Amino acid sequence: MKQTGEFAPDFLGFDQDGKEVRRSNFPGKNIILYFYPKDNTSGCTAEACSLGGAYDFFLDKGYVVIGVSKDSAASHIKFRQKYALPFILVADTEHRLCEEMGVWKMKKMAGREYMGIVRTTFVIDPEGRISHVVEKVNTKEAAAQLEAIIK
C-alpha cells in the first residue's frame with residue numbers, strides 16, 4: 001500500500017461521466033482520494049454521505065474529494081443521484097488504480113476468500129505527495145476523521 005511521503009499517480013481513471021481524471025487537473029489543491037468497496041452498500045453509503053455532508057468544509061480548506069470503486073460509471077451516476085453526492089466518483093472497473101495504490105487485496109467474508117478493495121483514504125498534497133493514509137475508516141464518521149487531520 002502507498003504510504004505517507006510517496007507520490008500518488010497522476011492518472012486516476014475515468015469518472016462517472018467518462019471524463020479523464022488526473023491529479024494534475026486540480027493544480028494547487030489537496031485531494032482526498034478515498035477507496036470504497038461498492039456503491040449502495042450500507043458502509044459505503046454512510047461514508048459517501050458523511051463526506052458529502054462536509055463537502056463545503058473540504059472545499060473551503062482547499063480540498064477536492066474523489067471516490068474510487070470498481071463499480072461502473074452507470075452505477076456511479078445512480079449512486080451520486082440517489083444520495084446527492086457532490087464529488088467525483090472514479091469507475092476503476094479494471095482495478096488498475098486500486099492495485100497501483102495497494103488497496104486491491106485478498107479479503108475474507110463468510111469463509112470465502114476473494115480479491116477486493118480494502119477501504120482506505122489517502123490525503124494528497126498539491127505536489128502529489130501522500131500526506132496522510134487512513135486505513136481504519138469509520139464509515140459514519142469519515143468526514144470527522146478527515147477534518148481532524150486537515151484542520
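Keep in mind that the model is predicted.

Start with helix H1, residues 42-53. How far apart are its end C-alpha atoms? They are 16 Å apart. At 1.5 Å a residue, twelve residues should span 16 Å, so the two values agree.

Next, burial. The buried residues of H1 are Gly 43, Cys 44, Thr 45, Glu 47, Ala 48, Ser 50, Leu 51 and Gly 52. What do they pack against? Three helices are on the list: H2 (55-60), H3 (73-83) and H5 (142-150). Strands E3 (30-35) and E8 (120-124) are there too.

Take H5. Its axis lies 7 Å from that of H1, and the packing angle is about 50 degrees. That makes H1 oblique to H5. From H1, the contact uses Glu 47, Ser 50 and Leu 51. From H5, Ala 142, Ala 143 and Leu 146 meet them. By class, that contact has four nonpolar residues, one polar and one charged.

Now strand E8. Five of its five residues are buried, so E8 is largely enclosed by the rest of the structure. Which residues sit on each face? Thr 120, Phe 122 and Ile 124 are on one side, Thr 121 and Val 123 on the other.

E8 has pairing partners. With E3 it pairs antiparallel, over five bridges. There, Tyr 34 has Thr 121 as its bridge partner. With E9, residues 130-134, the sense is antiparallel and the bridges number four. Phe 122 stands opposite Val 133 in E9.

Last, the hairpin of E8 and E9. Five residues lie between the strands. Gly 128 takes a positive phi near 100 degrees.

Definitions and conventions
Residues numbered from 1 in each chain as written. Predicted model: local features only at pLDDT ≥ 70, side-chain atom pairs only at ≥ 80, totals over all residues. Heavy atoms only, no water. Helix = DSSP H or I, 4+ residues; strand = E, 2+ residues; numbered from the N terminus. Expected span 1.5 Å × (residues − 1). Buried < 20%, exposed > 50% of the residue type's maximum accessible area, 1.4 Å probe, protein only. Contact = heavy atoms within 4.5 Å. Axes fitted to C-alpha atoms, helices over the stretch in contact; angles between N-to-C directions. Parallel < 35°, antiparallel > 145°, perpendicular 65-115°, else oblique. Nonpolar A, V, L, I, M, F, W, Y, C, P; charged D, E, K, R; others polar. Pairing = 2+ DSSP bridges.
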